[in-house]
Amino acid sequence: MPSVSLPAADRTVTRLVLGEPAKLDVRATPPTSRQVYAASHVVADPLRASGENVSDQIDWEGTLRLRRDLWSLGLGVAESMDTAQRGMGLDWTAAKELAVRTLAEAKSVGGTVVVGVGTDQLKTERASLAEIRDAYIEQIDAIESSGGDVVMMASRHLARAAAGPDDYRTVYDAVLSAARRPVILHWLGTVFDSALDGYWGAEDPSAAMDTVVEILDAHRDKVRGIKVSLLDQSLEIALRERMPAGVRVFTGDDYNYVDLIAGDGTHSSDALLGAFAAIGPFASAAFARLDAGDIGGFKTVLGPTESLSRLIFTSPTQYYKVGVAWLAYLTGKQNHFRMIGGFETGRSLLHLADLVRAADALGLFPNPDLAADRASAYFAVHGID
């Protein structure tokens, strides 16, 4: 079996013999038991990717290839969101082009897509509530006019401008009233973005939840659900129990998704996860079990993936995209390990080595020889041999 030399924190180097790939019964049809989306990353053009943030850093074909792979596993794609480096190298102009290309590709292959919208076209950090409202509406109109459904992402501009819960109600009321299709809201925690501290007008999550539920209840005809990315299982469960009839909770908890999706017998979460971009075949096989009513089988297949996901999303969590791209490279889904904006430097070689160990323990590598060759070459060029 192939092997790779991996560095450790004590500066020693050990040889890891890669194991066999997991045997998974994947399927190409979307799950029927839950609505499921994987938030996918963007593939950089390796010749142009750099910290300069130039506008032509995306490898469009490589990026769309990742989406076709997810659709082939029966998973939907969540586009132009945090995993795609939105606000961390991907601006609104590029995000819109990415969304339009993905929506067209989805139509040609029968894939499902939701697209993140925000206020990141605003040129000032200190925008008025009216400017924030209009920015949201502009982005929603652009995506809906291209045939897409949207995820209304949390706005850094709104977090800065809002004086309290009433300002959030004012903006969300206006934006949701203007939307032509049901919208998924997004509650993104500070573990992902510290600029969103106090979102919904309260530091206390329980008080914030009151505002969230009020908005959802007032617009239940315009709201499909809410993606919850707090990495707090108890908070998501509490919110889930307060949902208006017909409004879904999409878990964005990349630490605890297995039990949240499986549910407690009364309530369960759908899924919109960055983790599923990394462990797509396991998600596909697990939902096949869940669709058949085999909750135990679902947990058996998907449960072991949480340890890898927690490693990918370890603090500082905003750099989780590095792990997703690294594993895409090692599994052969892209042909290099470069990211737009030079974002791959956000994680250490030690972290990348730990991801190799965790992914191998899971059987994530479909071609262990390829994974070993690519990891070995990458570490060798950095002096690990």
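Is Gln85 buried or exposed in this predicted model? Gln85 is buried, with a relative accessible area of 1%.

Figure 1. Most residues other than glycine have a negative phi, and most peptide bonds are trans. Ser80, which is not a glycine, has a positive phi of about 55 degrees. Gln85, located in the loop between E4 and H2, likewise is not a glycine and has a positive phi, of about 65 degrees. Ser80 counts as buried because its relative accessible area, 0%, is under 20%.

**Figure 2. The cis peptide bond from Ser315 to Pro316.** The omega of this bond is near -5 degrees. Pro316 is placed in the loop that runs between helix H12 (305-312) and helix H13 (320-330).

**Figure 3. Surroundings of Gln57.** Gln57 belongs to the loop between strand E3 (36-39) and helix H1 (60-72). The relative accessible area of Gln57 is 3%, and the residue is buried. A polar atom of the Gln57 side chain lies 2.7 Å from the backbone nitrogen of Gly341. With neighbours within four places in sequence left aside, the contacts of Gln57 include Val43, Ala44, Asp45 and Arg48, as well as Ile340 and Gly341.

**Figure 4. Helix H13 and its packing partners.** H13 is largely enclosed by the rest of the structure, because 11 of its 11 residues are buried. Among these buried residues are Tyr320, Lys321, Trp326, Tyr329 and Leu330. The buried residues of H13 pack against helix H9 (275-278), H12, helix H14 (349-362) and helix H15 (368-381). After H13 comes Gly332, with a positive phi near 85 degrees.

**Figure 5. The largest nonpolar core, of 119 residues.** The members that touch the most other members are Tyr172, Tyr199, Ile226, Phe276, Ile279, Leu302 and Trp326. H13 provides the largest share of this core, with eight residues. Apart from this core lies another, of 10 residues, among them Tyr37, Val114, Val151 and Ile184. Beyond its neighbours within four places in sequence, Ile226 is in contact with residues including Ile184, Trp187, Val212, Leu239, Met243 and Phe250.

**Figure 6. The aromatic pair of Tyr136 and Tyr172.** The rings of Tyr136 and Tyr172 form a tilted pair, at 6.3 Å centre to centre and with 55 degrees between the planes. Tyr136 is in helix H3 (residues 129-145) and Tyr172 in helix H5 (residues 165-178), so the pair ties together parts that are 36 residues apart in sequence. Tyr136 is buried, at 0% relative accessibility, and Tyr172 is also buried, with a relative accessible area of 0%. Ring pairs join Tyr136 and Tyr172 in a cluster with Tyr168, Trp187, Tyr199 and Trp200.

**Figure 7. The aromatic pair of Phe276 and Phe287.** This pair is edge-to-face, with 6.1 Å centre to centre and 75 degrees between the planes. Phe276 in helix H9 and Phe287 in helix H10 (residues 280-291) are 11 residues apart. Both Phe276 and Phe287 are buried.

**Figure 8. Arg101 over the ring of Trp60.** Arg101 lies over the face of Trp60, at 4.2 Å from the ring centre.

Definitions and conventions: Residues numbered from 1 in each chain as written. Predicted model: local features only at pLDDT ≥ 70, side-chain atom pairs only at ≥ 80, totals over all residues. Heavy atoms only, no water. Helix = DSSP H or I, 4+ residues; strand = E, 2+ residues; numbered from the N terminus. Buried < 20%, exposed > 50% of the residue type's maximum accessible area, 1.4 Å probe, protein only. Polar contact = N/O pair within 3.5 Å; in protein donor to acceptor, adjacent residues only side chain to side chain. Contact = heavy atoms within 4.5 Å. Core = buried A, V, L, I, M, F, W, Y, C linked by side-chain atoms within 4.5 Å. Phe/Tyr/Trp six-rings, centres within 6.5 Å; stacked < 30°, edge-to-face > 60°. Lys NZ or Arg CZ within 6 Å of the ring centre and 35° of its normal.
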